[in-house]
Amino acid sequence: MADNEFETPEIKGEGRGGISVVWIVPIIAALIGGAVAYRSMANQGPLVEIEFEAAKGISAGKTEIKHKDVVIGIVEELKFADGLGSVIVSARLDPEIEPYLGDTTDFWVVSANISGTNFSGLSTILSGSYIEVDWSGTPTESRRKFDGLEKQPL
């Protein structure tokens with residue numbers, strides 16, 4: 001053997017293939033997080049848009065949507081319609097309400113109204129305005145965009 005030549009050492013190791021034990025915890029955490037996110041998205045109800053002339057005390061994240069004094073949704077966003085002539089309210093409703101949303105569905109804002117001998121919406125003095133929804137019969141056409149009424153229908 002010459003002085004400049006060296007023998008290359010041969011390294012023999014046990015060939016451990018597969019995933020390291022260190023990665024088990026992050027993989028399990030990712031799977032659980034994905035399952036929670038999917039379940040949250042799957043349980044969300046319908047998002048509807050209601051157009052009103054004015055917001056009349058409606059606040060995103062605070063104003064409730066009610067049917068017969070039962071809370072069935074909440075306002076998520078307020079924005080102006082094209083031309084700034086009206087306000088569009090985006091609200092998330094409970095999933096059970098979805099079959100009733102359609103051409104027979106009406107939305108209106110309930111707020112305190114005192115005029116002459118007419119008193120209505122006095123409960124909103126302390127709690128704030130809310131949006132009431134009602135439907136007459138089963139809708140024949142499903143919808144997600146509505147024109148809000150200025151006052152409660154008869």
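## Overall make-up

A residue counts as buried under 20% relative accessible area, exposed over 50%, and partly exposed in between, with a 1.4 Å probe and protein chains only. Buried residues make up 27% of the 154 residues in the protein. The model is predicted: local features need pLDDT of at least 70, side-chain atom pairs count only at pLDDT 80 or more, and totals for chains, interfaces and linings use all residues. Residues are numbered from 1 along each chain as its sequence is written, and side-chain values use heavy atoms, with hydrogens and water left out.

The protein has two helices and nine strands, which are DSSP runs numbered from the N terminus (helices H or I, at least four residues; strands E, at least two). Their order along the sequence is α-β-β-β-β-β-β-β-α-β-β.

Strand β4 covers residues 87–93, and six of its seven residues are buried, so the rest of the structure largely encloses β4.

Two strands pair if DSSP finds at least two bridges between them. Strand β1 (residues 47–52) runs antiparallel to β4 and is joined to β4 by six bridges; V48 has A91 in β4 as its bridge partner. Strand β3 (residues 70–80) is also antiparallel to β4, with seven bridges, and E77 stands opposite S90 in β4. The hairpin of β3 and β4 has six residues between the strands, and G83 takes a positive phi near 85° there.

## Contacts

Contact means heavy atoms within 4.5 Å. Among contacts between residues at least 6 apart in sequence, 65% join residues at least 24 apart.
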